[in-house]
Amino acid sequence: MSGLANRAFVKMNGLGNEIVVVDMRRQPIPISAAEARAVAQPRGAPYDQLMALYPPRLQGTDSLVRIYNSDGSEAGACGNGMRCIASLITGETGKDTLSFEVQGRIVNTWKNPDGQFTVDMGVPRFAWNEIPLAEEFRDTRAIELQIGPIDKPILHSPSVVNMGNPHAIFWVDDVSAYDLARFGPMLEHHPIFPERANITLCTVKSREHIAIRTWERGAGLTKACGSAACAAAVAAARLKRTGRKVKVTLPGGDLMIEWRERDDHVLMTGPAQHEFDGTFDPALFSAAS
């Protein structure tokens, strides 16, 4: 029987980014891709990201975190999910400042006086082989990639950034004017992205404000993607279209992103909302077993 059968979970969201949190700290059993997909079924607990808490491995951290997309693949970052976890652990321990291990990186979070949570998403990476790309581009502020006719492309010349996950940001006048559900899958799986990529449309509203929509790698259209908000904010600042601190408007609401100048760390601040508690039905995992 699956280690997730009859296990309690918490359903949360960060600006509509659907998050399921499962606590594996007392019984640290691995979660398979098939089990992660089983949880995401309509009769299970549909999610964008499944956040699994494991016992800490590194001194000074509160938990090891593994992140799964709804297609069962493992993600390297989920800012909205980290705010949800921070909210849960802060409520459990009373600690406003927390540290987590995520794929060998340390992710720090803290609660703000207004009740929102900040996640230190770390330092963005820009080198073509760090994103990674399948071929070398010396300047990743704009790479040669387009869809549509050569003389009149629909989308072209994205900025690319690794923010824990690979991201491609296309600059458009109106993020709602494109069929992202159609273009997103093609671009996510484009050969230029050997590990696939999150695909974001971004409009610069002002020096302090951008708006985005994201097709999330392994999850599809989402109301909010925290790492995409960070990637878009950093890409806009690299192109001198904004400053290093911006409001990012997503379909689910607003995040504040600061690309801190003194150490290049990206700080994301926003809410986390509890929806309900539940228990996984063992029948979900019969096929996965």
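1. Let me begin with the second largest cavity, which has a volume of about 30 Å³. A cavity here is a set of points on a 1 Å grid over the protein atoms alone where a 1.4 Å probe fits but cannot get out; grid points are joined across faces, edges and corners, and a volume is the space filled by probe spheres set on the points. Please keep in mind that this is a predicted model, in which local features need pLDDT of at least 70 and side-chain atom pairs count only at pLDDT 80 or more, while totals for chains, interfaces and linings use all residues. Residues are numbered from 1 along each chain as its sequence is written, and side-chain values use heavy atoms, with hydrogens and water left out.

2. What lines this second largest cavity? The lining consists of Gln 49, Asn 69, Ala 75, Ala 77, Asn 165, Asn 198, Glu 216 and Arg 217, where a lining residue has an atom within 4 Å of a point. Two of these residues are nonpolar, four polar and two charged (Ala, Val, Leu, Ile, Met, Phe, Trp, Tyr, Cys and Pro count as nonpolar, Asp, Glu, Lys and Arg as charged, and the others, Gly among them, as polar).

3. Ile 199 has 0% relative accessibility, so it counts as buried (under 20% relative accessible area, with exposed over 50% and partly exposed in between; 1.4 Å probe, protein chains only). Its contacts (heavy atoms within 4.5 Å) beyond four places in sequence include Phe 170, Leu 187, Arg 213 and Trp 215. Ile 199 and Arg 213 lie 14 residues apart in sequence, with 8.5 Å between their C-alpha atoms.

4. Helix α4 covers residues 226-238. Because 13 of its 13 residues are buried, α4 is largely enclosed by the rest of the structure.

5. Just after α4, Lys 240 takes a positive phi of about 65°. Leu 239 sits in the loop between α4 and β16 (245-250) and is partly exposed, at 26% relative accessible area. Leaving aside neighbours within four places in sequence, Leu 239 is in contact with Arg 141, Ser 159 and Trp 171.

Definitions and conventions: 1 Å grid on protein atoms, 1.4 Å probe; cavity = no way out; pocket = protein on both sides within 12 Å on 5 of 7 lines; lining within 4 Å. Helix = DSSP H or I, 4+ residues; strand = E, 2+ residues; numbered from the N terminus. Expected span 1.5 Å × (residues − 1).
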